[in-house]
Amino acid sequence: MEDGRTIIVALDGSHHSDYAFDWYLNNSKKDGDNVVIVTCFDKHHAHHGHGSDDVHEVTTKLQTDLDTHKSQADSFKEKLRKAGVKGDVVASAGKPGEVVVHVASERNASMIICGTRGHGAIRRTLMGSISNYIVHHSTIPVVVCRNKAHHDPANEHHNKHH
């Protein structure tokens, strides 16, 4: 008998990533699954040096961000519990796409599920895309969930002309 699948779900607290978790629950969940929620604090992007920042100010802001990240990880543990899903949360610092792919490999995962913010091509090219990174660097299947309610071309068309 198999022990069940290990599924990685990348969450960052946005409605896009919440949709990915909900997608897993409604479309992919199987008895025996072990869900590993991966959340990542990108310390490199959180604190770009500003000439006027002093060490105390930067340290205080970094500690606040770390506390927020820990609180978010705790809320993800609660999300698993409320959904009745076996699993755990990996909260790490680093580049989110790299961390997700690394944890998936380390845990011998069967699949990665993530959301997408639906940025346009120019912004995605300039800023990069976590979901794009995962798709291109993962050796296992990746499901990228786009919430139709937040990306409806009819609404975009309507908003452009009003």
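**Exercise 1. Count the salt bridges, then work out what three of them connect.**

Step 1: set the rule. A salt bridge here is a side-chain nitrogen of Lys or Arg within 4 Å of a carboxyl oxygen of Asp or Glu. By that rule the count comes to five. Keep in mind that this is a predicted model, where local features need pLDDT of at least 70, side-chain atom pairs count only at pLDDT 80 or more, and totals for chains, interfaces and linings use all residues. Residues are numbered from 1 along each chain as its sequence is written, and side-chain values use heavy atoms, with hydrogens and water left out.

Step 2: take R5 and D33. Their closest N and O atoms are 2.7 Å apart. R5 sits in the segment before β1 and D33 in the loop between α1 (15–28) and β2, so this pair ties together parts 28 residues apart in sequence. (Helices, H or I with at least four residues, and strands, E with at least two, are DSSP runs numbered from the N terminus.) For accessibility, buried means under 20% relative accessible area, exposed over 50%, and partly exposed in between, with a 1.4 Å probe and protein chains only. R5 is buried at 18%, and D33 is buried at 4%.

Step 3: move to R107 and D88. Here the closest N and O atoms are 3.1 Å apart. R107 is in the loop between α4 and β4 while D88 is in strand β3, so the bridge ties together parts 19 residues apart in sequence. R107 is partly exposed at 31%, and D88 is partly exposed at 26%.

Step 4: finish with E78 and R81. The closest N and O atoms are 2.5 Å apart. Both residues belong to helix α3 (residues 55–83), three residues apart, which puts about one helical turn between them. In general, an α-helix has 3.6 residues a turn, so residues three or four places apart point the same way. E78 is partly exposed at 30%, whereas R81 is exposed at 57%.

**Exercise 2. Describe how α1 and α3 pack.**

Step 1: get the geometry. The angle is about 25° and the axes are 12 Å apart; axes are lines fitted to C-alpha atoms, for helices over the stretch in contact, and angles run from 0 to 180 degrees between N-to-C directions.

Step 2: classify it. Angles under 35 degrees count as roughly parallel, over 145 as roughly antiparallel, 65 to 115 as roughly perpendicular and the rest as oblique. α1 and α3 are therefore roughly parallel to each other.

Step 3: list the residues. With contact meaning heavy atoms within 4.5 Å, α1 brings D18, F21 and L25, and α3 brings K79, L80 and A83.

**Exercise 3. Find the surroundings of V89.**

Step 1: look for neighbours. Leaving out residues up to four places away in sequence, V89 touches I37, T39, A73, F76, K77 and L80.

**Exercise 4. Which residues of α4 are buried, and what covers them?**

Step 1: in helix α4 (residues 96–106), the buried ones are P96, G97, V99, V100, V101, V103 and A104.

Step 2: their cover includes β1 (6–10), β2 (34–41), β3 (87–93), β4 (111–115) and α6 (130–137).

Step 3: look past the helix end. α4 is followed by N108, with a positive phi near 55°.
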